[in-house]
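Let's take a friendly walk through this fold, from the sheet to the spaces inside it. Keep the structure open beside you as you read.

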Amino acid sequence: MIKGIVGCKVRQNGDLEPILLRLKSHAMQYEGFKGIENLVSEENASVVAMVSTWDSLEDWKSWAQSTITQELLQQAETLLTEEPRLTTYRMVPAVRWA
């Protein structure tokens, strides 16, 4: 499984919630989508992360590179202090770390 993260810094008084909801709604239509969480930093409320879970890297890329996702991220840029960052992490069972 893959965790896909869209991280960003929101301008003061910027309301990113409508765009995050549209990104989630769009993601729910994709093969391999498992779920999503929106996180706001306790230390700095301008730092926001949308963390989604996918079956595979290919599933995440299909969503992340879609025209609609790219358009929504572009719309979000007016509310952000810098471009959103997209990163992925492969989930590894804790037993492998022992």
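## Ground rules

This is a predicted model, in which local features need pLDDT of at least 70 and side-chain atom pairs count only at pLDDT 80 or more, while totals for chains, interfaces and linings use all residues. Residues are numbered from 1 along each chain as its sequence is written, and side-chain values use heavy atoms, with hydrogens and water left out.

## The sheet

Start with the open sheet, where 4 strands follow the order β2-β3-β1-β4 with antiparallel pairing. The edges belong to β2 (33-40) and β4 (85-90), each with a single partner strand, so one side of each has no neighbour in the sheet. From one strand to the next, the twist averages 20 degrees. Strands (E, at least two residues) and helices (H or I, at least four) are DSSP runs, numbered from the N terminus, and two strands pair if DSSP finds at least two bridges between them.

Between β1 and β3 (residues 47-54), which run antiparallel, there are 8 bridges. Lys 9 stands opposite Val 47 in β3. On this sheet packs α1, which touches β2 and β3 and makes about 10 degrees with the direction of β3. Contact here means heavy atoms within 4.5 Å; axes are lines fitted to C-alpha atoms, for helices over the stretch in contact, and angles run from 0 to 180 degrees between N-to-C directions.

## The helix pair

How do α1 and α3 lie relative to each other? Their axes come within 10 Å and cross at roughly 170 degrees, and α1 and α3 are therefore roughly antiparallel (the term covers angles over 145 degrees).

From α1, Ile 19, Arg 22, Leu 23 and His 26 meet Ile 68, Thr 69, Leu 72, Leu 73, Gln 75 and Ala 76 in α3. By class, this contact has 6 nonpolar, 3 polar and 1 charged residues. Ala, Val, Leu, Ile, Met, Phe, Trp, Tyr, Cys and Pro count as nonpolar, Asp, Glu, Lys and Arg as charged, and the others, Gly among them, as polar.

## Cavity and pocket

A search of the whole structure finds 1 cavity of 30 Å³ or more, and the largest cavity holds about 40 Å³ of space. On a 1 Å grid over the protein atoms alone, a cavity is a set of points where a 1.4 Å probe fits but cannot get out, and a pocket is an open set with protein on both sides within 12 Å along at least five of seven lines; lining residues have an atom within 4 Å of a point. Grid points are joined across faces, edges and corners, and a volume is the space filled by probe spheres set on the points.

The cavity lining has 10 nonpolar, no polar and no charged residues, and α1 gives the largest share, 3 residues. Among the lining residues are Val 6, Cys 8, Leu 73 and Pro 84. The largest pocket has about 160 Å³ of space, and its lining divides into 8 nonpolar, 2 polar and 1 charged. Both α1 and β2 supply at least two residues of that lining.

## The start of the chain

Met 1 lies in the segment before β1. Not counting residues up to four places away in sequence, Met 1 touches Lys 34, Thr 53, Trp 54, Asp 55, Tyr 89, Arg 90 and Met 91.

Notes
Parallel < 35°, antiparallel > 145°, perpendicular 65-115°, else oblique.
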